Amino acid sequence: MRRIYPLTLIILLFSSQSVFGQQIRIGLFRNDFPQSVMLTSIGNYKVFADSSMLGILPSGTGIRLILDSSGVRMNSIDRDWGAYSQLLLVPNDSFAVMKIKGIAPVTKERSFGGKISIDQDAASLRIINHLDLEEYLAGVVEAEAGYGHHIEFYKAQAIISRTYALAHLYKHLPEGFHLCDQVHCQAYKGKGRSNADVLTAAKATRGIVIVDDSLHFITAAFHSNCGGQTANSEHVWTKPLPYLRSVKDNYCTSQPNAYWTREISIAEWKNYLKRYNFPVHDSSCITYCTTFKQPYRMYCLSSCNKTIPFKNIRADFGLKSAFFSLERVNEHTVVLRGRGFGHGVGLCQEGAMKMAKLGFDFKIILKHYFTGVHIIDIREKDTFAEE
Ligand SMILES: [Zn+2]
Ligand SMILES: [Zn+2]
C-alpha cells in the first residue's frame, strides 16, 4: 500500500464528501422546457405541497402537473389538488418508482427511484430527482454502457462516472441541482432494466474514485473500442494529460467495433485534400495519399509539406475513428480500412468488457487504460492509501 498526501486528500474529501450520506439532486428534462407532465406511481408516495403534507398518492395513480399562472397545478382523474409553488413526492415504499412522461412537449416515459420535486424555473417546470449517489451512478452506467455485462466492468464504469460526478458536483448549483440528465453532465435516463446488477457494482465501489499524482480527480475519458491502441489526449483534444497516454490493447481487437471500412471516390478525396492545399496534381503525392498506412496510431496525414490531423478527417467524413489506413481499390475509389469506434482516449469499453470476462478486477482494468493513476476511497480519511 502506497501512502499518499493526507493534507491534499482532506481538501478533496471535504469538497466532495458532502454528497455521501446525503442525496444528489439531478435536474431532469432540462432541454425540453416542460410545461406539463404526466406522473404515474408504482408504490405509494407521500405528497407535500409548499412544505405541508397533502396526502398519500396510492400506487398506480396518474397525476398531471401543469404550469399555470398560480404555479404548479396538480390534477388526478377525479381531483384537482390545487396549485402550489413547490411539490415534493416522497416514496412511501422502498420499491417505489415514479414514471414521468412529458405531455407538453411530448417526451418518452422514463422511470425514476428516489424523491421528485417540481417547481417553476423561469417559464417551465423544474423537475428534480433526489436520490442516493449510487442509484444515480447505476442509471448513468446503464445509459452509457448498456446492459448484460460483467460486474467488474460495471464497477470500472461506476468509478469513472463517480469520478466525473464528484468533479462536477457544483456545475448546476445556481439552477438548484447538482447535475443535469443530459450528456452535458452524464447521460441519465433514470432506472434501467438491469439496474440491480449495475446498482450492486455502484454500491460495491462506494467512495472509490480515480485521482492523479496531485490528487485531483482525473478526466476519466472512455470510448467504445480503441482498435488495439488508445490515443494520447493531445492528439484528440489540446491538453497532454499524464494519465491519458496511448497504450496497446489486445483485448478489444476481436470485439464488435474493432474494424470498419468506408469507400470514398477518388474525386471526392482529391477535392478534400485540395481544401488543405495538398498538390493533388502531383502523382507521387496522390499515390501516397491514397495508399497511406497507419500501422499504429499517428497524429496526421503528411505529404509534400502539407498535413491534415486524422481527427479532422474523422470529423469531416463522420468516420467511426481516426485510426485508419487507405487503400486504392480501383481508379475511381479509395477504401478507408479503420480500427475502433470513438475518440480512442482513456478506457476502451469493449476491451474492458473482455478483461472483466477474462477475470481481471476493476483496479487492473482501470490501471491498464489510465496510466499511473491512484484508485482511492475518499471517505476513509484514516486510510489515505491506495486501494
Ligand atoms: Zn449538465
Ligand atoms: Zn481497445
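**Close-up views of a predicted model**

Ile100 is buried, because its relative accessible area is 0%. The model shown in these views is a predicted one.

View 1. Ile100 is part of strand S9, which runs over residues 97-104. With a relative accessible area of 0%, Ile100 falls under the 20% limit for a buried residue. Apart from neighbours within four places in sequence, the contacts of Ile100 include Leu28, Phe29, Val37, Met38 and Leu39. Lys108, Glu109, Arg110, Phe112, Ile116 and Ile127 are also in contact with Ile100. Ile63 lies 37 residues from Ile100 along the chain, and the C-alpha atoms of the two are 9.8 Å apart.

**View 2. The cis peptide bond at Pro105.** The bond from Ala104 to Pro105 is cis, and its omega is near -5°. Pro105 belongs to the loop between S9 and strand S10 (110-112).

**View 3. The site of the zinc ion (ligand 1).** Four residues supply the protein donors: His172 through NE2, Cys180 through SG, His184 through ND1 and Cys185 through SG. These donors lie 2.0 to 2.3 Å from the zinc ion (ligand 1). The arrangement is tetrahedral because the four donor atoms subtend angles of 97 to 119°, and tetrahedral requires that all angles lie between 85 and 135 degrees. Along the chain, the donors of the zinc ion (ligand 1) have the spacing H-x7-C-x3-H-C. His172 is in the loop between helix H3 (151-167) and strand S13 (179-180), whereas Cys185 is in the loop between S13 and helix H4 (195-204); the pair, 13 residues apart, links distant parts of the chain. His172 is buried, with 7% relative accessible area. Cys185 is buried as well, at 4% relative accessibility.

**View 4. The site of the zinc ion (ligand 2).** Cys226 (SG), Asp249 (OD), Cys252 (SG) and Cys348 (SG) coordinate the zinc ion (ligand 2) at 2.0 to 2.3 Å. The angles subtended by the four donor atoms are 102 to 122°, so the arrangement is tetrahedral. The donor residues of the zinc ion (ligand 2) follow the sequence spacing C-x22-D-x2-C-x95-C. Both Cys226 and Asp249 are in the loop between strand S15 (222-223) and strand S16 (259-265), so the pair ties together parts that are 23 residues apart in sequence. Cys226 is buried, with a relative accessible area of 0%. Asp249 is buried too, and its relative accessible area is 0%.

**View 5. Helix H8 and its packing.** Helix H8 covers residues 349-357 and is largely enclosed by the rest of the structure, because seven of its nine residues are buried. The buried residues of H8 are Gln349, Glu350, Gly351, Ala352, Met353, Met355 and Ala356. Three other helices, H2 (133-145), H3 and H9 (362-369), pack against these buried residues. The buried residues of H8 also pack against S15 and strand S21 (347-348). After H8 comes Gly359, which has a positive phi near 105°.

**View 6. Asp50, a non-glycine residue with positive phi.** Phi of Asp50 is positive, near 45°, and the residue is not a glycine. Asp50 is placed in the loop between strand S3 (45-49) and strand S4 (52-57). The relative accessibility of Asp50 is 37%, so the residue counts as partly exposed.

**View 7. Leu215, a buried residue with positive phi.** Leu215 is not a glycine, yet its phi is positive, about 65°. The loop that holds Leu215 is between strand S14 (208-211) and S15. Leu215 counts as buried because its relative accessibility is 2%.

**View 8. The whole protein chain, for context.** The chain contains nine helices and 22 strands. Its C-alpha trace spans about 80 × 50 × 35 Å along the principal axes. Of the 387 residues in the chain, 51% are buried. Among contacts between residues at least 6 apart in sequence, 68% join residues at least 24 apart. The accessible surface of the chain is about 17600 Å², with 52% belonging to carbon and sulfur atoms. Side chains in the protein chain include 44 positive and 35 negative ones, and the centres of these two sets are 4 Å apart.

Technical notes: Residues numbered from 1 in each chain as written. Chains lettered and ligands numbered in written order. Predicted model: local features only at pLDDT ≥ 70, side-chain atom pairs only at ≥ 80, totals over all residues. Heavy atoms only, no water. Donors = N, O, S within 2.8 Å, 3.2 Å for Na, K, Ca; no water. Tetrahedral: all angles 85-135°; square planar, octahedral: opposite > 155°, others 65-115°. Helix = DSSP H or I, 4+ residues; strand = E, 2+ residues; numbered from the N terminus. Buried < 20%, exposed > 50% of the residue type's maximum accessible area, 1.4 Å probe, protein only. Contact = heavy atoms within 4.5 Å. Areas by Shrake-Rupley, 256 points an atom, 1.4 Å probe, with all protein chains shown as cover. Lys, Arg positive; Asp, Glu negative; His and termini not counted. Charge placed at Lys NZ, Arg CZ, Asp CG, Glu CD.
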